[in-house]
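These are my notebook entries on one structure, written down in the order in which I looked things up.

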Amino acid sequence: MNHSYKTIFITLTTLLLIVACTAQKYIEPDFPEAMLPHVKTEYVKRYDQGQILYNMSCAGCHNKKDGRKIIVPDFEPDQLRGYEIRVSNAQHEQNMPDTLVTEEELGIIMTFLSYKKKNSAK
Ligand code: HEC
């Protein structure tokens with residue numbers, strides 16, 4: 001292996017490791033038992049989208065760490081009031097304008113936060 005190949009190999013390996021270590025773990029949804037299968041299929045799509053959007057727009061301020069484990073907070077249903085969240089505190093007013101997180105995206109994020117498995121659940 002000549003020198004430049006070695007450099008490229010080391011760089012790629014390092015990048016892969018960084019990506020693997022910082023990748024967010026998927027949190028399973030916890031839908032009500034009574035939810036009908038075809039409804040569930042649609043909710044899973046919305047939930048998955050919400051999880052990605054949450055990781056992009058909210059996780060930076062809201063996730064906590066427990067050792068190496070990343071904890072997404074369990075918000076109470078009455079804290080998840082779509083639009084009101086936008087203006088509930090100065091941090092949100094400055095960092096969540098609807099040009100950054102649209103009304104539709106906020107709704108999708110609410111689906112993720114409402115149905116994500118609780119941290120207490122095993
Ligand atoms: C710049 C930092 C920041 C970002 C980004 C942010 N938040 Fe917050 N959020 C806060 C702070 C600070 C509070 C108030 C203290 C707390 O509850 O942690 C808060 C409170 C909340 C609450 C509780 C509101 C209440 O009235 O009880 C919810 C729900 C919430 N945020 C959801 C979100 C969602 C969803 C996003 C992404 C779309 C988000 N936050 C993005 C900083 C942020």
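This is a predicted model: local features need pLDDT of at least 70, side-chain atom pairs count only at pLDDT 80 or more; totals for chains, interfaces and linings use all residues.

**Entry 1, the iron site.** I looked up what holds the iron atom of the ligand and found that it is coordinated by the NE2 atoms of His62 and His92, at 1.9 Å. The site has 6 donor atoms with angles of 85 to 180° among them, and its geometry is octahedral. For reference, I wrote down that the ideal angles for six octahedral donors are 90 or 180 degrees. The two histidines link distant parts of the chain, since histidine 62 belongs to helix H3 (residues 59–62) and histidine 92 to helix H5 (residues 90–95), 30 residues apart. I then checked their accessibility: histidine 92 has a value of 14% and therefore counts as buried, whereas histidine 62, at 25%, is partly exposed.

I asked how many disulfides the count gives, and it comes to 0. Looking at two of the cysteines, I found cysteine 58 buried at 13% relative accessibility, while cysteine 61 is exposed, with a relative accessible area of 64%.

- Lysine 45 and glutamate 42 meet through their side chains at 3.1 Å, N to O; both lie in helix H2 (residues 37–57), 3 residues apart, so about one helical turn separates them. Glutamate 42 is partly exposed, at 46% relative accessibility.
- Glutamate 84 pairs with arginine 81 at 2.9 Å, N to O. Glutamate 84 is partly exposed at 44%, and arginine 81 is partly exposed with a relative accessible area of 37%.
- Arginine 86 forms a salt bridge with glutamate 103, their closest N and O atoms being 2.7 Å apart. This pair links distant parts of the chain, with arginine 86 in helix H4 (residues 83–87) and glutamate 103 in helix H6 (residues 103–115), 17 residues apart. Arginine 86 is buried, with a relative accessible area of 6%, but glutamate 103 is partly exposed, at 42%.

Last, I asked which residues make the nonpolar surface patch of about 530 Å², and I found Tyr5, Ile8, Leu12, Leu15 and Ile18. I placed one of them, leucine 12, in helix H1 (residues 3–22).

Key. Residues are numbered from 1 along each chain as its sequence is written. Side-chain values use heavy atoms; hydrogens and water are left out. Donors are N, O and S atoms within 2.8 Å of the metal (3.2 Å for Na, K and Ca); water is not among the atoms, so sites may look incomplete. Four donors count as tetrahedral if all angles lie between 85 and 135 degrees; four count as square planar and six as octahedral if opposite donors are over 155 degrees apart and all others between 65 and 115; anything else is irregular. Helices (H or I, at least four residues) and strands (E, at least two) are DSSP runs, numbered from the N terminus. Buried means under 20% relative accessible area, exposed over 50%, partly exposed in between (1.4 Å probe, protein chains only). Patches are made of residues with over 30% relative accessible area and no salt bridge: like charges are joined within 9 Å, nonpolar side chains (Val, Leu, Ile, Met, Phe, Trp, Tyr) within 5 Å. Accessible areas come from the Shrake-Rupley method with a 1.4 Å probe; for residues, only the protein chains shown count as cover. A salt bridge is a side-chain nitrogen of Lys or Arg within 4 Å of a carboxyl oxygen of Asp or Glu. A disulfide is a pair of cysteine sulfur atoms within 2.5 Å.
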